[in-house]
2 protein chains.
Amino acid sequence: MVDRTSGVPAFRQVAADLRRKIDAGEYAPGAKLPSERELIETYGVSRPTVREAVNLLRSEGVVDVEHGRGVFVRPPSNIHRLARARLSRDARGRNEGAFLAEAKATGFSASSNVKVRFERADERAAEFLRLDVGTELTVRDRVMRADGLVAQLAVSRLPRELTRGTAIEKVATGDGGTYARLEEAGHVIGSFAEHVGARMPTPDEVTLLQLAVGVPVLTITRVAYGTEGRPLEMNDIVLPASLYQLSYEWPAD
Amino acid sequence: MVDRTSGVPAFRQVAADLRRKIDAGEYAPGAKLPSERELIETYGVSRPTVREAVNLLRSEGVVDVEHGRGVFVRPPSNIHRLARARLSRDARGRNEGAFLAEAKATGFSASSNVKVRFERADERAAEFLRLDVGTELTVRDRVMRADGLVAQLAVSRLPRELTRGTAIEKVATGDGGTYARLEEAGHVIGSFAEHVGARMPTPDEVTLLQLAVGVPVLTITRVAYGTEGRPLEMNDIVLPASLYQLSYEWPAD
DNA sequence: AAGTGGTCTAGACCACATA
DNA sequence: ATGTGGTCTAGACCACTTA
């Protein structure tokens, strides 16, 4: 039963009590919570109030709701660690690119859908690639799947000048991927930078990545530089935060 | 007005229409959306339906709601870039530690509250620090503020063996912070690793970090290793994803 | 005082999952 | 067929902000 004199809204009291029971293990991961009708009885509140409480837990990523089945404690998902080694020349030598390298390493069957298009650099692209706004870019738009589930979105942009006549402008870039083709064309990669952030997904991303409510996305903007420091490629990557962790290591200096 | 025959729920249609108008610039960042009573008229739906639509936008981080004032398009916030240089020996030499280094660099006045305690290593800490479960740890629990606003939470754990008799067990560690004291005690730092993820905040974090609805947190687990590769410290850092971006760069190999 | 969002109720009907 | 969540209504009263 909720305390009507405390000043704390009823739906927050219900949510807090359920959260406490989940944390205490009273409802284990994967377990079903009482139905909305039962919670109405238990706490003495109306259905909209119960639903507001459940929605709060949902947006916190604590529970999953399945229509017709019930409300379940969200089990922790297996986190894939992406290490910078995924971008090493060795990894490129062995297969098709960073994503497929990782997938093979973790025993996943992987595939990816690619669309290639050309566009003019906007302000952001121009800054990362150190070009003038309006410079022609080759854009590779990829949806990557592991075991049939969509796992990442990636939009790669390169100055078109670097990609003319290479397989980078084809859908299939061949073994070692874009970076291998760049190096064959004489643009050896000297260094990488990654800028990592997180935000809530757009509705499009929710659909494409099949995201549950309350799951943010990690965003990575990766820039590949040539040996003289010239930016060769920028890659905007979006991945479900529930599935990935990014690992970086470096010597102290 | 909503289309009752489309099969798309009314509150989603309202949310989609408002989102479209925001994206199109019809409501600029910071602008006030029509009041709930106005939206009821515009779309021909009940108040709970309007509120459900607004809640959806809120959980996406698109709008902020202010009681008694209205609903506003959330303006983009200034993103601080945290680069790995924040952990360099140079930065330590100049000031009190990684967080204060960053704050000074960006012109913020910064402060931090620290609590020191001792506890036994749980399974996770034991794995990161390569110790046996139950080993005694020194734990430094920090709340860091920039210009009075809470900006990050950090929980640092070290084998107590390394901290006995040092200022690391005091609230004030002195110039250069924990890492400087570790090196003075003969434990020179050889490398760092950071494991980055994101998730929705717990209710406690929402309070401490004064987070708006729809803002995820970035989580960093940083491990500092000695020159022989021994883990010296692990640091669990939580920061609002709306305020920070993490940058890493490394030479191609 | 007037306008805004915050909370809550008591229902109704629909859609999905399972037996 | 039954139980589950999904959507929606038409109110009511409260709390905060601004004038």
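Reader: What lies 2.9 Å from a base nitrogen of DNA strand C?
Author: In this predicted model, a polar side-chain atom of A:His67 lies at that distance from the base nitrogen, and a polar contact here is a pair of N or O atoms within 3.5 Å, where within protein one must be able to donate a hydrogen and the other to accept it, and residues adjacent in sequence count only if both atoms are side-chain atoms.

Reader: How many residues surround DNA strand C?
Author: There are 24 around DNA strand C, and the closest are A:Ala10, A:Ser46, A:Thr49, B:Arg37 and B:Arg47, where a residue is near a strand if one of its heavy atoms lies within 4 Å of it. Of the atoms of DNA strand C that come within 4 Å of the protein, 68% belong to sugar and phosphate.

Reader: Which element gives the most to that surface near DNA strand C?
Author: H3(A) does, with three residues; helices (H or I, at least four residues) and strands (E, at least two) are DSSP runs, numbered from the N terminus.

Reader: Before we move on, what are the conventions?
Author: Residues are numbered from 1 along each chain as its sequence is written, and chains are lettered from A and ligands numbered from 1 in the order in which they are written. Local features need pLDDT of at least 70, side-chain atom pairs count only at pLDDT 80 or more, totals for chains, interfaces and linings use all residues, and side-chain values use heavy atoms, with hydrogens and water left out.

Reader: Switching to the protein chains, how many residues of chain A are in contact with chain B?
Author: 36 residues of chain A are in contact with 36 residues of chain B, contact meaning heavy atoms within 4.5 Å. Since 100% of the interface residues of chain A are also interface residues in chain B, the copies meet through the same surface.

Reader: Which strand gives the most to the side of chain A that touches chain B?
Author: S7(A), with 11 residues.
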